[in-house]
Amino acid sequence: MHMVSYIVNYDEFHESLMAQNRPTDEVEEIERAYTFAYELHKGQYRISEEPYIVHPVEVAKILLDLKLDKSTIIAAFLHDILEDTDTQPEEILNLFGEDVLKLVQGVTKLGKLHFQSKEERQAENFRRLLVAMAQDIRIIFLKLADRLHNMRTLNFMAQAKQKKIAQETLDIFAPLANRLGIGKIKAELEDLALRYINPEKYYEIAKKIAQTKAQRDQAISSLIDEVSVILNQNNIKAKIYGRAKHYYSIYNKMKKLNITFEQLYDMSAIRVIVDEEKDCYGVLGLIHAKFKPIPGRFKDYIAMPKSNGYRSLHTTVIGPKNKPFEIQIRTLKMHEIAEYGIAAHWKYKEMGSVKSDTKTDAQFSWMKKLVEFDKDSIDSKEFLENVKLDIFSDQVFAFSPRGDVIDLPAGSTPVDFAYRIHTEIGHKTVGALVNGRIVTLNTVLKNGDIVEILTSKQPMPKIDWLNFVKTKSAASKIRLWFKKNKREDNLDIGKMQLESALTKTVFEEYLQSGEFERVAQDMNYKSADDLFAALGYGETTLHKITNKLKKTEPKPTEMVDSYRESEALRHKKPSKKDDIIGLEGMLWSLAKCCCPLPGEPIVGVITRSKGVTVHRLNCKSLFDIEPERMMDVKWSDTISSSIYSAHLRIECHDRVGLLKDIISKISDMDTNILYTSTYVKNKKFGIIDVGIELNSVDVLQKVILNLQSLPDVYSVRRLEQKSHDNRSTYKKQHKPTDKKTNKKHENN
């Protein structure tokens with residue numbers, strides 16, 4: 001039984017190899033590698049009870065389908081030799097050359113090194129693999145093929161191991177295949193991973209697809225016939241065929257839109273392959289003339305290719321029997337790149353170095369960042385997390401003023417952009433222009449934005465940048481700078497944050513009892529001071545520390561509270577009923593948790609007794625709201641006299657006259673101050689909360705920029721308050737005890 005299995009297995013490979021018309025000496029060397037591997041793996045069996053040689057042959061078949069070079073195919077046969085047999089690297093070097101040996105070593109797991117846990121070993125395996133990949137892309141082709149065959153035979157593994165391997169596949173290998181543009185492998189990896197991570201959903205989708213197959217095939221056939229007639233009438237040669245949607249893409253869409261399988265309206269799809277690029281647009285015009293296109297569903301990936309090189313036209317139309325259909329239009333070359341990705345247009349020299357053009361190098365420049373992450377990361381787990389967040393997330397492409405393209409994860413800001421250009425530029429950033437307009441540094445960048453970074457002469461990063469930077473690499477560089485340059489300041493900031501969270505009395509009790517020393521050791525810091533400093537520069541968080549502290553009853557803290565109330569607070573102009581479009585005639589109010597301002601993206605939430613509450617679109621409280629309770633609303637373009645409130649927290653170096661300067665900066669913007677509340681630590685660091693009145697988010701951004709220009713201000717950020725009249729809560733928590741100190745700050 002085993003012998004029959006392996007013969008069939010190799011015969012299929014040999015048939016495919018001969019069909020590619022490779023040179024005779026190349027075929028002989030590949031077959032010699034197979035024979036060598038077969039002899040070494042003789043007597044070894046997989047969990048499936050098949051001879052072990054089946055696995056390397058299947059891996060080689062996958063790589064052969066990608067039309068990879070001789071060395072990669074040979075390495076596929078030998079990729080488990082070093083790990084699973086007594087063969088030494090020198091033997092591979094002598095028999096098959098240095099190029100093959102490097103590839104085999106690139107995918108070989110770490111064998112004899114000592115690690116504290118399986119997780120640490122696995123993270124280091126991934127780290128080694130990804131860094132090696134940056135040196136030679138063929139290593140990742142090998143690993144992807146290896147993982148694909150392992151996923152195809154995952155049913156023989158124990159259930160716990162199935163889920164673990166499937167999750168790794170979804171987190172690391174499927175995104176890798178996607179970034180390399182290998183749609184064929186990416187889709188199969190995702191479908192196989194879903195089968196083991198969420199088997200109920202997988203088989204539910206599989207069952208429903210099978211039930212509707214006959215009806216769907218008939219609809220696709222009808223559409224293909226109609227499109228063929230149109231193209232023949234216009235003398236356009238094309239191949240047209242139906243395209244099956246992958247289970248994972250169906251699952252993702254159902255999950256993202258919170259809908260059932262039956263509510264998916266574009267389950268049927270066809271693909272049109274033409275000879276030339278100009279024919280793509282010709283076919284598109286003919287299809288849109290015949291079938292009504294659905295607005296917002298057209299995407300031109302030919303003019304604007306995806307980051308992995310994918311090019312195609314996508315449109316969704318109302319086809320026969322009023323059924324929506326997705327249609328993809330591309331050339332044969334575009335199709336090969338969509339299926340095989342980088343393998344379709346990268347060629348290798350005989351010794352394995354990559355020959356590529358400038359366009360391809362730029363397109364896959366993200367691989368070079370793997371080496372940068374390796375240098376910046378503290379350990380393998382951090383490296384892996386950086387890669388998952390920065391390399392495998394959705395991408396945004398922004399431009400420098402010179403036209404250089406910078407690719408960043410979706411949600412990135414000008415600070416991420418600055419650090420991606422160069423670490424020193426990031427450290428010296430003081431402002432940014434996006435498309436010629438000055439913006440706050442936490443502005444989320446969009447595709448096509450032109451970003452200009454404004455810098456100072458000296459490095460002056462802000463610790464609060466950690467609250468909004470998206471890239472892990474930027475965050476680690478900011479933390480490293482504060483760790484190296486501001487230890488004393490970080491120490492005081494960390495203590496101040498803990499005092500503010502715990503109250504001064506409780507903080508002192510923990511300090512005297514040695515509780516902070518215990519927590520520091522528990523969190524792998526040498527001393528309490530190291531723990532405070534780590535909190536100060538953002539390496540750890542208040543939440544992590546307070547969770548490890550022994551609970552105690554909080555007591556009142558000593559707090560300096562300077563408060564003044566504006567007359568305008570008592571005579572505030574209410575917002576107009578027509579300020580928001582979409583709520584005409586309804587009872588509505590602004591959410592007190594996020595205090596939205598005109599110009600910000602907003603959403604309405606239907607309540608049981610208070611009509612509609614309007615929130616900022618990024619308000620954290622929306623996470624728990626059912627989608628069906630949300631309404632599409634937006635600010636009117638004609639808001640003029642309405643007044644809204646916003647709340648700012650300013651972290652600063654305390655000095656005489658600072659509060660006066662802050663008030664002056666705010667007043668320069670013709671903005672009214674509702675209140676100020678201050679807290680001072682050791683006459684050195686301070687927190688100032690300010691409530692202001694304004695009529696748009698643009699005014700707020702200008703106020704923040706004005707305040708950030710003060711040399712003694714470390715950070716300015718917007719607070720989400722339960723109420724704009726938060727001072728009563730603030731005063732209860734931080735009861736002033738020193739009237740003289742209060743007086744001093746009023747004189748500031």
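**Entry 1: ground rules**

Two strands pair if DSSP finds at least two bridges between them. Strands (E, at least two residues) and helices (H or I, at least four residues) are DSSP runs, numbered from the N terminus. I am working on a predicted model, where local features need pLDDT of at least 70 and side-chain atom pairs count only at pLDDT 80 or more, while totals for chains, interfaces and linings use all residues. Residues are numbered from 1 along each chain as its sequence is written, and side-chain values use heavy atoms, with hydrogens and water left out.

**Entry 2: the whole protein**

I looked up the totals. The protein has 32 helices and 23 strands. It has 748 residues, and 50% of them count as buried (under 20% relative accessible area; exposed is over 50%, partly exposed in between; 1.4 Å probe, protein chains only). Then I checked the contacts (heavy atoms within 4.5 Å). Among contacts with a separation of 6 or more, 68% join residues 24 or more positions apart.

**Entry 3: the cores**

Next I looked for nonpolar cores. Such a core is a set of buried Ala, Val, Leu, Ile, Met, Phe, Trp, Tyr and Cys residues joined through side-chain atoms within 4.5 Å. The largest one has 71 residues. Phe13, Leu63, Phe77, Leu78, Leu144 and Met151 have the most contacts inside it. I picked Leu78 and left aside its neighbours within four places in sequence. Leu78 then touches Ala33, Phe36, Ala37, Ile92, Phe96, Val100 and Val104. A second, separate core has 32 residues, including Leu648, Cys652, Ile673 and Leu707. I noted the general rule: in soluble globular proteins, nonpolar side chains tend to be buried together.

How many of the nine residues of helix 4 are buried? I counted eight in helix 4 (residues 70-78), so I call this helix mostly covered. Phe77 and Leu78 are among the buried ones, as are Ser71 and Thr72.

**Entry 4: helix 9 against helix 10**

Helix 9 spans residues 138-152 and helix 10 spans residues 159-179. Their axes come within 11 Å and cross at roughly 140° (axes are lines fitted to C-alpha atoms, for helices over the stretch in contact; angles run from 0 to 180 degrees between N-to-C directions). From helix 9, I listed Ile140, Lys143, Leu144, Arg147 and Met151 at the contact. They meet Ile165, Ala166, Glu168, Thr169, Phe173, Leu176 and Ala177 in helix 10. I sorted the residues of this contact: eight are nonpolar, one is polar and three are charged. For the sorting, Ala, Val, Leu, Ile, Met, Phe, Trp, Tyr, Cys and Pro are nonpolar, Asp, Glu, Lys and Arg are charged, and the others, Gly among them, are polar.

I traced an open sheet of four strands, in the order 15-17-16-18, with mixed pairing. Strand 15 (588-590) and strand 18 (630-632) stand at the edges with a single partner strand each, so one side of each has no neighbour in the sheet. Neighbouring strands are turned by 35° against each other on average, direction ignored.

Strand 16 (residues 602-606) and strand 17 (residues 612-616) are antiparallel, with five bridges. Here Gly604 has Val614 as its bridge partner, and Ile606 stands opposite Val612. Strand 16 also runs antiparallel to strand 18, joined by three bridges. There I found Val605 opposite Met630. Four of the five residues of strand 16 are buried.

Three bridges join strand 11 to strand 12, and Ala432 stands opposite Val439 in strand 12.

Most residues other than glycine have a negative phi. I looked up two with a positive value. Asn21 has a phi of about 55°. It sits in the loop between helix 1 (2-19) and helix 2 (24-40). Its relative accessibility is 67%, so I count Asn21 as exposed. Phi of Asn435 is near 55°. Asn435 lies in the loop between strand 11 (429-434) and strand 12 (437-439). At 45% relative accessibility, Asn435 counts as partly exposed.

Is His41 buried or exposed? I found it buried, with a relative accessible area of 2%. His41 is in the loop between helix 2 and helix 3 (54-65). Beyond its neighbours within four places in sequence, His41 contacts Tyr52, Ile53, Pro56, Asp80, Ile81, Asp84 and Thr85.
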